Amino acid sequence: MEKRFDVLVVGELNVDLILNTIDKFPEMGKEVLAQQMTLTLGSSSAIFASNLSTLGASVTYAGKLGYDNFGEHILSSLKAKGVDTGNIMHTTTHSTGATIILNFSEDRAMVTYPGAMSALALVDVPEAKMKQARHLHVSSVFLQPGIRKDIVALFQRAKALGLTTSIDPQWDPSETWDLDLKALLPFVDVFLPNAVELKALARVNNLPEALEYVRQFDGAFVVKNGSEGAYLWDGKSMHHQRAFLNTQVVDSIGAGDSFDAGFIYKFLQHKSWQECLEFGALTGAVNTTRHGGTGAFEDLNLVKTIAASTFNYTF
Ligand SMILES: Nc1ncnc2c1ncn2[C@@H]1O[C@H](COP(=O)(O)OP(=O)(O)OP(=O)(O)O)[C@@H](O)[C@H]1O
Ligand SMILES: [Mg+2]
């Protein structure tokens, strides 16, 4: 059957309200001023969806918003990047999620209100929605209790319907890392944690032990490691990809999501693991040349221009 979309993203939705150039860090009961403010599309899954769409895949999004201005802002940001929002639902029980980020010198403090994203559940992703796409991607599973509870069932259903699948677990704010990988990963084609998340999930102390741990799995296991690059266990052997050198990093917000977008873009085209890994490293590095998670992905021409001019890479 002809599919309407390449990818269905099931994920969290929130805005980032970023306050920059703060005089000093606020003390309880006092007020400080910020010299600059930005309101942007925040969530990891949405950055992935936007940037994958910019690269050229057709993407639909299943998520939850409240009936408010932040929800409207998210919808228009996704639409502007060509992401289909027909599977996004609204709830009256929660407001749209938001992260308030205080950027202070090189450091930052953040507070997240999960809001409507915590209300998304398995019933919101029925078979009819899944059948529209040929690939399922889930990110930020620990921010979505409704999805995490049934995560194995969700991936099992996707595989039964013939979809390929990927998941980026992202950070667990509770740091309990309660995710049964042995039950889940048989239904996952590409697992995409970063090195710190993998160590926590595998309950090991260092990267070599974590890389040893992944060898028990048959599917593809990607381990992102910032400016050091990324590893890939393809079920038989381990590959390493060095990061593309960026000597002038603007920020690395969303680098992992942009890596995921590049990797999955090539995976959808049935390219070799090595090619998926290299393109993921490229799009991760491209991400670091502009502010935020989507700044370098305004359109495909900009991505190509940055790839050629900063990383001497043409595609
Ligand atoms: N400073 C950098 N220079 C070049 N490439 C980078 C840099 N930082 C990240 N990358 C690329 O992006 C990939 C993913 O980055 P990272 O390991 O930070 O993922 P992550 O921790 O999942 O990020 P996120 O915070 O977006 O979730 C890296 O494997 C690397 O290829
Ligand atoms: Mg990440």
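Does Glu-175 count as buried or exposed, and at what relative accessibility?

Author: Glu-175 counts as exposed, because its relative accessibility is 52%. The cut-offs are these: buried means under 20% relative accessible area, exposed means over 50%, and partly exposed is in between, with a 1.4 Å probe and protein chains only. The model is predicted, and local features need pLDDT of at least 70, side-chain atom pairs count only at pLDDT 80 or more, and totals for chains, interfaces and linings use all residues, while side-chain values use heavy atoms, without hydrogens or water. Residues are numbered from 1 along each chain as its sequence is written, with chains lettered from A and ligands numbered from 1 in the order of writing.

Glu-175 sits in the loop between β9 (164-168) and α6 (181-184). Helices (H or I, at least four residues) and strands (E, at least two) are DSSP runs numbered from the N terminus. Glu-175 is not a glycine, yet it has a positive phi of about 55°. Most residues other than glycine have a negative phi.

With a relative accessible area of 56%, Arg-203 is exposed.

The shell around ligand 1 has 20 residues, and the closest are Asn-194, Gly-226, Gly-229, Phe-244 and Gly-256; a residue belongs here if one of its heavy atoms lies within 4 Å of the ligand. By type, the shell divides into eight nonpolar, ten polar and two charged residues. In this division Ala, Val, Leu, Ile, Met, Phe, Trp, Tyr, Cys and Pro are nonpolar, Asp, Glu, Lys and Arg are charged, and the others, Gly among them, are polar.

Backbone atoms face ligand 1 at several places. A backbone N or O atom of Gly-226 is 2.6 Å from an oxygen atom of the ligand, and for Gly-254 the distance from a backbone N or O atom to a ligand oxygen is 3.4 Å. Asn-225 has a polar backbone atom 3.5 Å from an oxygen atom of ligand 1.

Two helices, α9 (255-268) and α10 (273-287), each supply at least two residues of the shell. The most comes from α9, which gives four residues. Of the 14 residues in α9, 13 are buried, so this helix is largely enclosed by the rest of the structure. Its end C-alpha atoms are 20 Å apart, in agreement with the 20 Å that its 14 residues should span at 1.5 Å a residue. The expected span is 1.5 Å times one less than the number of residues.

As for α10, it has 15 residues and reaches 21 Å from its first C-alpha to its last, close to the expected 21 Å. Eleven of the 15 residues of α10 are buried, which leaves the helix mostly covered. Among them are Cys-276, Phe-279, Gly-284 and Asn-287.

Ser-50, in helix α1 (residues 44-55), counts as buried at 0% relative accessibility. Ile-306, in helix α11 (residues 300-311), is buried with a relative accessible area of 3%. Thr-38, in strand β3 (residues 34-41), counts as partly exposed at 27% relative accessibility.

Now the whole chain. The protein chain has eleven helices and 13 strands. Its radius of gyration is 19 Å, close to the 20 Å given by the globule rule for 315 residues, so the chain is as compact as a globular protein of that length. The radius is taken over C-alpha atoms, and the rule is 2.2 Å times the number of residues to the power 0.38. Along its principal axes the C-alpha trace spans about 55 × 45 × 40 Å. Buried residues make up 53% of the 315 residues, whereas Glu-175 counts as exposed.

Key:
A polar contact is a pair of N or O atoms within 3.5 Å; within protein, one must be able to donate a hydrogen and the other to accept it, and residues adjacent in sequence count only if both atoms are side-chain atoms.
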